[in-house]
Amino acid sequence: MNPFAKLDQQYVWHPFTQMRDWLHTEPIVITSGKGATLTDVHGHQYLDANASIWTNLHGHRHPQLNAAIIRQLKQISHSSALGLANEPASVLAEKLVAAAQVTPRQAVAGKRKKPALAAPDKLAKVFFSDNGSTALEVALKLAYEYTRRARGPITRPKFLSLTGAYHGDTIGAVSLGHIDLFHKSFGGMLFKTDQVMAPYCYRCPFNRAETQREDARKYRKCHWECTGLVAKKFTAQKRRGNPYAAFVYEPLMQGAAGMIPQPSGWLEQVTDLARAHGALLIADEVMTGFGRTGLTCHVTAEASAAAVADPANTNLFAATRTGIQPDFLCLAKGLTGGYLPMAATLTTQRVFDAFLGEYAEFKTFFHGHSFTGNQLGAAAGLASLDLLQSAASVRDRARLQQTLQQELKSLWTLPHVGDIRQVGLVAGVELVKNWQTRAPYALSERAGIRVCEAMARRGVLTRSIGSVIVLMPPYCTTDKEVKRMVGVLAEAIGEVLH
Ligand SMILES: *Cc1c(COP(=O)(O)O)cnc(C)c1O
C-alpha cells in the first residue's frame, strides 16, 4: 500500500464516512490537479465531477489563481482582523457587495403582476469567516439579536427552514437543518427551529401527474399546495404572537437535501410570504453562489451566444439572478475558487446599525474567528471574481451548461434513472428501482455509493446524496470531459443496477 494511504488509515478520521468501510480498501491519494483532472499517487487520472465537494470553480492549478496567491504570499499570509484591517479583505468586501447588488425583480422579470413587497435595504456589509457553517452561524446570531432589539428583548426569535435542509455542521447550522440521518443523534444539543415543505416535485404527494421521462418540475400537476403550506406556517406562527424572525433557504436548488430544484415561481411566492410576515430572509448560497445556478433562471434550450451578450449573466448569485434581495447572503465553498477556506456573510446597513452604540452599551457583535479576513483567501477570492466576470468565463459557462443539458438527456433511456434535475451548472440524477413506479432504493442498499465506486474505477470522481448522483463540473470542464462524466455515469448504472 502507498505509504500515505497507510498513514491516512492509521491516523485520519474522514468526514461523513463510515470508517470501518474506509479501512477495508486502499484510499485514493491525490497528489496533483490540473483543470478538471485529479492525479493520484499511482499516476491514475480522474475527472473531478463534483468540483472537489462543490468548491472548485475554474479548475485546479489555474495560473491566475495561483499567481494571485503567490503574489499575496510574498506580502503576508495572515494578520488578525481583531484591531487590524488589510488590503485584500477590504477590496474583496467592496467587490462582493457590488456583485451581490440586486436589481429589483419586476425590472428583471417584467412579468410580475404586482410589484415586489417593500423594497428591502441593499446588502452593504461583509462579515468574514472561514467555512459555510460559520457563514450561516453568523447570519443566525445577527438575525436573532437584530430581532430581539427590533421587537423588544423578551421575544425568543424563531426560524423557519425547509424540509431536508442542510446548512452546515456546527450546532447552530445543524439546528437549522432537517436531515434526520445527520441530525437526529444530536437532537438534545440543538435549539428548535420549524420546518416547512420543500418543493420536491418528483416525490411530491400533491403532484398528481403520471411519471414522464422529463424533469418532474415540467410535467407536475398541482395547485401549489407547497406554498399554501408555507402561508399556513407563517399565519400560525403569527397567531402565537411571535412571528418568525427569519426564513432560511437555499435559492433555486437545495444541495445536500438531494439536489432539489424549485419550480419556477416558488421562490418568489415564499419570499413574498416571508416578507409580508416581517421575517428576514437568510439566503444560503454556499452551494448556489458564484455562478453555479447558471446563466438563466431555469434550464433553457437556448443558453448560447445570447447568454454571453447579456450583461445580466455576470450575475453570480441566485439572488441577483432572480432579483430576490435577502437580508443575509451566506457564501463560502466557491468564494476563493475553491482554493482556500474562506466564507462571508453579507448583510444590510439596517442590521449593522442595530449593533452600533456607546462602548459600554455592549451592543457589539461578540463573534469572531482567528482567520477572519485572511489575506491569502481574500487574494484568491479577488482573482476568482475577476475570472468569473470575464467574457471568457461567461462563454465557457454557457457552453458547459448547454453540453451538460444535452448529455444528460441520454440518461432518460435507463430504467433506473427516475429524475434528472439540472439547474445551471449542477445536476442531480435520482436512481430508482423502477422509473414507472418511482420505487426508491433503501439507503442500506447503497445504490448511490456503489454507482460512485463504479464511476471511480472508470476514472470519474463524485459523491452521491443517498440515491442521487451529483454532477457539478468545474467551469473549465471541456465538452469532451462532460461527455465522459455522463457516459461513465451511464456505464456505472448499467454495471451496478442492471
Ligand atoms: C457545504 C454547505 C454548507 C456548509 O459549508 P462548510 O464549509 O462545509 O461548513 C452550508 N450550506 C450549504 C448550502 C452547503 O452546501
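Predicted model: local features only at pLDDT ≥ 70, side-chain atom pairs only at ≥ 80, totals over all residues.
Trainee: Which residues are around the ligand?
Mentor: The residues around the ligand are W54, N131, G132, S133, Y166, H167, G168, E250, D284, V286, M287 and K333.

Trainee: How does that shell divide into nonpolar, polar and charged residues?
Mentor: The shell around the ligand has four nonpolar, five polar and three charged residues.

Trainee: What about N131 and S133? How far from an oxygen atom of the ligand does a polar side-chain atom of each lie?
Mentor: For N131 the distance is 3.2 Å. For S133 it is 2.6 Å.

Trainee: And how much of the ligand's accessible area does the protein cover?
Mentor: On its own the ligand has 380 Å² of accessible area, and the protein covers 84% of that.

Trainee: Changing topic: how many salt bridges does the structure hold?
Mentor: The structure holds 18 salt bridges. One of them is formed by the side chains of R350 and D121, with 2.7 Å from N to O.

Trainee: Where do R350 and D121 lie?
Mentor: R350 is in helix α15, residues 349-353, while D121 is in the loop between α6 (105-109) and β4 (123-129). The pair therefore ties together parts that are 229 residues apart in sequence.

Trainee: Are these two buried or partly exposed?
Mentor: R350 is partly exposed, because its relative accessible area is 48%. D121 is also partly exposed, with a value of 23%.

Trainee: What about R421 and E430, buried or exposed?
Mentor: R421 and E430 are both buried. Their side chains meet in a salt bridge, at 2.9 Å from N to O.

Trainee: How far apart are the closest N and O atoms in the salt bridge of R446 with E453?
Mentor: In that salt bridge the closest N and O atoms are 3.5 Å apart. R446 counts as partly exposed, with 31% relative accessibility, and E453 is partly exposed at 36%.

Trainee: Now the helices. How many residues of α12 are buried?
Mentor: Helix α12 spans residues 266-276 and is mostly covered, with eight of its eleven residues buried. The buried residues in α12 are W266, L267, V270, T271, D272, L273, A274 and R275.

Trainee: What follows α12?
Mentor: G278 follows α12, and its phi is positive, near 75°.

Trainee: Where is G289, and is it buried or exposed?
Mentor: G289 lies in the loop between β10 (280-284) and α13 (305-309). G289 is buried, because its relative accessible area is 5%, which is under the 20% cut-off.

Trainee: How far apart in space are G289 and F317?
Mentor: From C-alpha to C-alpha, G289 and F317 are 4.8 Å apart, although 28 residues separate them in sequence.

Trainee: And G357? Where is its place, and is it buried or exposed?
Mentor: G357 is in the loop between α15 and α16, the latter covering residues 375-388. G357 is exposed, because its relative accessible area is 51%, and the cut-off for exposed is over 50%.

Trainee: What separates the C-alpha atoms of G357 and A379?
Mentor: The C-alpha atoms of G357 and A379 are separated by 32 Å, and the two residues are 22 apart along the chain.

Trainee: Where is the place of D396?
Mentor: D396 is in helix α17, residues 391-408. D396 counts as partly exposed, at 32% relative accessibility. Its C-alpha atom is 9.9 Å from that of D479, which is 83 residues away along the chain.

Trainee: Last topic, the surface. Which residues form a nonpolar patch there?
Mentor: F4, L7, Y11 and V12 form a nonpolar patch on the surface, and together they have about 450 Å² of accessible area. Of these, V12 is found in the loop between α1 (3-11) and α2 (19-24). V12 is partly exposed, with a relative accessible area of 38%.

Key
Residues numbered from 1 in each chain as written. Heavy atoms only, no water. Patch = residues over 30% accessible without salt bridge, like charges linked within 9 Å, V, L, I, M, F, W, Y side chains within 5 Å. Areas by Shrake-Rupley, 256 points an atom, 1.4 Å probe, with all protein chains shown as cover. Salt bridge = Lys/Arg side-chain N within 4 Å of Asp/Glu carboxyl O. Helix = DSSP H or I, 4+ residues; strand = E, 2+ residues; numbered from the N terminus. Buried < 20%, exposed > 50% of the residue type's maximum accessible area, 1.4 Å probe, protein only. Near = heavy atom within 4 Å. Polar contact = N/O pair within 3.5 Å; in protein donor to acceptor, adjacent residues only side chain to side chain. Nonpolar A, V, L, I, M, F, W, Y, C, P; charged D, E, K, R; others polar.
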